[in-house]
Amino acid sequence: MKKVVLMIFLFIGGAQVAQSQIQGGIKAGINYNSDSFSDVKNDALNGAKSKTGFHAGAWLRINLPVTDLYLRPELVYTQLSNEVSYEPAGFAAKTTTYDFQKIDIPVLVGMKFLKVAHVFAGPSFQYILDSDFDINELKQVDSDGFSVGLQLGAGVELGKLGFDVRWERALSDTEANFIDNNAGQNVNFDTRVNQIILGLSYRF
């Protein structure tokens, strides 16, 4: 009987520990298609119409026992704008803006410090869902497959609310193409862009 009671208490204690080690929530924010924070400032002052987007999704945080480290996988929908410049054979150079939607899956390892602050880094997997150009002579972009980027960032948590800033760097290429009907030419370009990401999160 004593063994049964002990096993019950151990099971309840283990479940409570496991529950306390896993947290989750939702997040949303703004994406800037840029390589540096100075570019973000300049783009913002100019309206940043061609290089901004947004994201929304969910996250989990798995606190690793006896350390200040955690694992944070995320599932995020992102919509972002970008520009493509190209020179069709026999035609003047052109620039077009396109919007694309994608699923991002960052898998981050982070460390907490000073009770409210944290830093993190890890790979981010991307899959393009759809893309649209802003001029009629271009057909919809074709793209497939995953690509991988690297995210580095830092943030703070005040109660259930969190704010973080991230820099994402492309590690692999996802090549896409469209057809310029006027020039009769395929144009290839890379859909993986470097980003500055500002995010706001809520913990359940």
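These are my notebook entries on a predicted model of one protein chain.

**Entry 1: ground rules**

I number residues from 1 along each chain as its sequence is written.

**Entry 2: overall layout**

I looked up the secondary structure and found two helices and 10 strands in the protein chain. Helices (H or I, at least four residues) and strands (E, at least two) are DSSP runs, numbered from the N terminus. Along the sequence the pattern reads α-β-α-β-β-β-β-β-β-β-β-β.

I then looked up burial. The protein chain has 204 residues, and 36% of them count as buried. Buried means under 20% relative accessible area, exposed means over 50%, and partly exposed is in between (1.4 Å probe, protein chains only). The accessible surface of the protein chain is about 11500 Å², and 63% of that belongs to carbon and sulfur atoms. Accessible areas come from the Shrake-Rupley method with a 1.4 Å probe, and for residues only the protein chains shown count as cover.

For contacts (heavy atoms within 4.5 Å), I took those in the protein chain with a separation of 6 or more: residues 24 or more positions apart account for 66% of them.

**Entry 3: confidence**

I checked pLDDT, the predictor's confidence in each residue, from 0 to 100. The protein chain averages 75, and 58% of the residues score at least 70. Confidence is lowest in helix α1 (residues 2–21), with a mean of 48, and highest in strand β10 (residues 195–203), at 93. Residues 4–17 have a pLDDT below 50, and this stretch has zero contacts in the model beyond near neighbours in sequence. Residues 135–140 are also below 50, but that stretch has 19 contacts beyond near neighbours in sequence.

**Entry 4: salt bridges**

How many salt bridges does the structure hold? I found six. A salt bridge is a side-chain nitrogen of Lys or Arg within 4 Å of a carboxyl oxygen of Asp or Glu.

One of them joins K27 and E74, with the closest N and O atoms 3.2 Å apart. K27 lies in strand β1 (residues 22–33) and E74 in strand β3 (residues 69–86), so the pair ties together parts that are 47 residues apart in sequence. Both K27 and E74 are buried.

E74 also meets R72 in a salt bridge, at 2.7 Å from N to O. R72 counts as buried because its relative accessibility is 4%. E74 has a relative accessible area of 3%. I noted that K27, R72, E74, D164 and R166 are linked in a network of salt bridges.

Another salt bridge is between the side chains of R61 and E157, at 2.7 Å from N to O. R61 is in strand β2 (residues 52–63) and E157 in strand β6 (residues 146–158), so I recorded a link between distant parts of the chain, 96 residues apart. R61 and E157 are both buried.

**Entry 5: a nonpolar patch**

Which residues form the nonpolar patch on the surface? They are F54, Y77, F125, Y127, L129 and F146, with about 570 Å² of accessible area together. Patches are made of residues with over 30% relative accessible area and no salt bridge; like charges are joined within 9 Å, and nonpolar side chains (Val, Leu, Ile, Met, Phe, Trp, Tyr) within 5 Å. Strand β5 (residues 117–133) gives the largest share, three residues. Y127 is in strand β5, and its relative accessible area of 32% makes it partly exposed.

**Entry 6: around Q79**

Q79 is in strand β3 and is partly exposed, at 25% relative accessibility. Leaving out residues up to four places away in sequence, Q79 touches G53, F54, F100 and Q101. The side chain of Q79 also makes a polar contact with that of Y77, at 3.5 Å. A polar contact is a pair of N or O atoms within 3.5 Å; within protein, one must be able to donate a hydrogen and the other to accept it, and residues adjacent in sequence count only if both atoms are side-chain atoms.

**Entry 7: the loop between β4 and β5**

L114 is in the loop between β4 (94–113) and β5. L114 has a positive phi of about 55° although it is not a glycine, and it counts as exposed at 69% relative accessibility. K115 is found in the loop between β4 and β5. K115 is not a glycine either, yet has a positive phi of about 70°. At 86% relative accessibility, K115 counts as exposed.

How values were computed. Predicted model: local features only at pLDDT ≥ 70, side-chain atom pairs only at ≥ 80, totals over all residues. Heavy atoms only, no water.
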